[in-house]
Amino acid sequence: STDGVHWRERGVILRKAEGVTWMGTGSTWRSPRAERAGTFQMNFSEWRGERQTIFFAESTNLVDWHRLGPEREFTQDARWYKPQGRWDCIYTLPRTGGGLWGYWTADPSAGPGVGFGQSTDGVRWEAIEPPRFLDGAAPGEAGAVERIGDRYYLMLGAGGMRTLVGERPEGPFRPATVNPVLLHGGPTYFSRFFPTNPDGLLVNHHAIAK
């Protein structure tokens with residue numbers, strides 16, 4: 001796309017590995033390392049055996065991608081997350097001091113929440129304690145997180161898309177006081193932030209016709 005509105009299909013860029021039950025989507029970001037300027041990174045999940053884990057690929061043109069090796073596999077940290085729970089779709093934000101924060105769909109052991117972690121290079125990830133959900137925030141899938149002003153806004157897939165708000169990247173997050181339901185359940189789901197210049201942020205989502 002040249003304008004973020006009109007799009008031309010380029011075809012499949014990555015397929016699941018041999019023997020994998022299914023492949024899950026992810027998101028894409030620029031490498032946070034200065035020496036890797038011009039390199040893009042993608043995460044995606046694959047269900048292998050009895051559990052889902054996350055893998056990575058890189059590209060210099062966003063069209064031709066190559067998988068990184070199995071040493072980059074990102075698995076659940078059993079201190080905070082169920083080993084055979086959801087583990088899917090990292091969405092990143094710049095981290096203070098360099099590197100990236102990441103949020104993803106996960107099953108924390110202690111209750112409702114999402115996955116949270118950090119990386120210095122975008123492909124080696126450390127899972128850390130998940131952010132707390134407050135005031136009855138429901139479990140769901142992490143759509144996207146962005147900092148707007150001094151707050152962090154998490155779009156959560158939970159019977160539609162809901163907006164949670166936090167004061168810090170590590171949370172805690174609670175339902176927004178205004179318009180907590182961003183998209184009602186049913187045909188609309190899985191919204192993402194889409195940064196544009198000079199217009200700021202757009203939100204995109206997929207729709208399933210009934």
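Arg-67 is partly exposed, at 29% relative accessibility; buried means under 20% relative accessible area, exposed over 50%, and partly exposed in between (1.4 Å probe, protein chains only). The model is predicted, so local features need pLDDT of at least 70 and side-chain atom pairs count only at pLDDT 80 or more, while totals for chains, interfaces and linings use all residues. Residues are numbered from 1 along each chain as its sequence is written, and side-chain values use heavy atoms, with hydrogens and water left out.

**Exercise 1.** Determine which residues are linked with Arg-67 in a network of salt bridges.

Step 1. A salt bridge requires a side-chain nitrogen of Lys or Arg within 4 Å of a carboxyl oxygen of Asp or Glu.
Step 2. Glu-46 is buried, with a relative accessible area of 0%.
Step 3. The network comprises Glu-46, Arg-48 and Arg-67.

**Exercise 2.** State where Glu-58 and Arg-36 lie, and what their pairing ties together.

Step 1. Their side chains form a salt bridge of 2.4 Å, N to O.
Step 2. Glu-58 belongs to strand E4 (residues 51-59), and Arg-36 to the loop between strands E2 (28-30) and E3 (40-48), so the pair ties together parts 22 residues apart in sequence. Strands (E, at least two residues) are DSSP runs, numbered from the N terminus.
Step 3. Glu-58 is buried at 7% relative accessibility, whereas Arg-36 is partly exposed at 34%.

**Exercise 3.** Give the count of salt bridges under this rule.

Step 1. The count is 12.

Terms used:
Helices (H or I, at least four residues) and strands (E, at least two) are DSSP runs, numbered from the N terminus.
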